[in-house]
Amino acid sequence: MIQAIEQRSIAVGDRFFRDLLGENYVLFNADGTVTATDGRTSISLLRSGVSAGAENAIARLVSGVAGTGVPRLARVSPECFAWAVPSPCKASKLVAVELVRSDSDALVDLVNRSSLCAWTREISSRQAKEQVLEQEEQLLAYAAQVTEDLEELTWLRSLATNLELSESGNSVERIAESVLPSLCRLIGAHCLVFIRDIPVTGMDSNLPLVWKTGQTEVSRQHALQIVAALLGQGGERTIVKNFSEKQFSDGRFDGVESCVLVPVATESGRLGWLLAMNKDIAAPECSRTYGDPTYNTYMREREFGTFEASLMSATALVLAAHGRNCGLFHEKELLLRGVIRSMINAIDAKDSYTCGHSDRVAEFSRLIAQQLSLDFNHCEQVYMTGLLHDVGKIGVPDHVLKKPSQLTDAEFESIKQHPGIGYEILKHLENLSYVLPGVLHHHEAMDGSGYPHGLKGDEIPLNARILAVADSYDAMTSNRPYRRGMPTEKAEAILLEGSGRQWDPVCVDAFFRTVNGVRTIARQRSSPYQPTTVGAGPVLNREHTVVR
């Protein structure tokens, strides 16, 4: 291995010496001994032209050049000079020596050859440095492009992740609030504005809605003026304007140097606009002037281009599609609520005494769910479950529902079938699958004495435990064919007494934290309760267990 390295060093040095000295030189080791010459000038030829004293002078010259690494020209005899040049390889201590006669022509030839070689190598070195700098710039450009592409892909992935289109509460504005701040940073805008001027549902009002993000505050009116001015310039299409303040003289573009306007639209129609304003350059404190080598780059950094417009267009398309989906979801939800309302009306038509019961239970249940800190969607699911909890009573005979006297055991068993009937009616509606646990189990009791499955404690679904409290309270305080509604104070006392045995104590506690809201809703019932004296014996609540 060591020999191979030495041979490579000799080969590199040999090419260098041939370019500089030609063929008439001898290679010396650092100690002044001659190395292999491979047919070049032999040591005998060198010695034939110099005296013994010159040989010693050459040895000292070689030793000094090997030590310093600096070439030297020295007179070694009255007749000649010795020109000693070290190897270009740092690991090598080889020194090439050329004898030059002591006349002006020979010295001039040496200087010319050395100068030409040095000049050629300097030019080559400069060209190599320029190539290295150019390659470094290309590598930096490639790295910047890869970073930019990675950021774009990461952002698009986050955009897709945030689009939970099945969530009814996930409005277009909530999507904008989630994704537009990161888009503003990605495209380097001082401000990004989302303007929605087309209604998504029939409930939209106060349009246009203006949502803004970014480090620069822009008023709602100013943003609308800019959009109006740009629309007058180019119609409903993507518009990129750089240094546009000179194109408008009415003041609507004050403070706006560059901007991009993108329609939030699909083929089926437009929803609004995305407006980006002013590029956020990397070093705003560094000024550039025309003629500066970096002037063009600096100006491009202050401009919006196809990259920013493309990202904004992709975002606008997603927002528009989501807006369209929100509209369709809203229409579907209205249809579903209409079907539910029809089912509730059918129940009310069977028993006028329970008219409004499902609505009140739904409202009570939502209040309890809110007190339990359940999220918005969960609270709405509890509300919908409350509306449908008694739909199974459609399958209970009228003479049983409206019987004014005490029920027989067989009739009570018929009443107890309504949770299962309701479950069977609703189980085929996939969009309402979340109501099934509450519909089936809202008559279960914490001690296992309820029906239809005798579940205990946490075995009972949370929505069912919430409904049990709300349903029991409304049933106890409402008039029925077989009894008058009891006073609210008595019903509330019964709830407290049955907490932990019949009803979930956590839900009962949440009920009393919102009891004022419950009472307000209860007072609005179409057939207010008429207080009667409640005896010391048990009060039979037909849908529930016996309460005392």
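Reader: Which residues of α10 do Ser 358, Asp 359, Val 361, Ala 362, Glu 363, Ser 365, Arg 366, Ala 369 and Gln 370 in α9 meet?

Author: Their partners in α10 are Cys 379, Glu 380, Val 382, Tyr 383, Gly 386 and Leu 387, where contact means heavy atoms within 4.5 Å. Bear in mind that this is a predicted model, in which local features need pLDDT of at least 70, side-chain atom pairs need pLDDT 80 or more, and totals for chains, interfaces and linings use all residues. Residues are numbered from 1 along each chain as its sequence is written, and side-chain values use heavy atoms, without hydrogens or water.

Reader: How should I read a helix pair, and at what angle do α9 and α10 cross?

Author: Two packed helices are described by the angle and the distance between their axes. Here, helix α9 (residues 357–371) and helix α10 (residues 376–388) cross at roughly 155°, and their axes come within 7 Å. Axes are lines fitted to C-alpha atoms, for helices over the stretch in contact, with angles from 0 to 180 degrees between N-to-C directions. The two helices are therefore roughly antiparallel to each other (over 145 degrees; under 35 is roughly parallel, 65 to 115 roughly perpendicular, the rest oblique).

Reader: Now the sheets, please. In what order do the strands of the five-stranded one lie?

Author: Strands of a sheet pair through backbone hydrogen bonds, either parallel or antiparallel. In this open sheet the order is β6-β5-β9-β8-β7, and the pairing is antiparallel. Two strands pair if DSSP finds at least two bridges between them; helices (H or I, at least four residues) and strands (E, at least two) are DSSP runs numbered from the N terminus. At the edges you will find β6 (209–214) and β7 (239–242), each pairing on one side only. From one strand to the next, the twist averages 15°.

Reader: How many bridges join the neighbours, starting with β5 and β6?

Author: Strand β5 (residues 189–196) pairs with β6 over six bridges, in the antiparallel sense; look for Val 193, whose bridge partner in β6 is Lys 212. β8 and β9 pair antiparallel over eight bridges and form a hairpin with two residues between them.

Reader: Is strand β8 largely enclosed or open to the outside, and why?

Author: Strand β8 (residues 258–266) is largely enclosed by the rest of the structure, because seven of its nine residues are buried (under 20% relative accessible area with a 1.4 Å probe, protein chains only; over 50% is exposed, in between partly exposed).

Reader: Which strands does helix α5 lie across?

Author: Helix α5 (residues 172–187) lies across β5, β6 and β9 (269–279), and runs at about 155° to β5.

Reader: And what is the order of the strands in the sheet of four?

Author: That open sheet reads β1-β4-β3-β2, again with antiparallel pairing. β1 (26–28) and β2 (72–77) stand at its edges with a single partner strand each, so one side of each has no neighbour in the sheet. The twist here averages 35° from one strand to the next.

Reader: Which residues would help me trace its pairing, say from Pro 86?

Author: Pro 86 has Val 95 as its bridge partner in β4, where strand β3 (residues 80–86) and strand β4 (residues 95–101) pair antiparallel over seven bridges. For β2 and β3, antiparallel over five bridges, find Arg 72, which stands opposite Ala 84 in β3. A hairpin of two residues joins β2 to β3.
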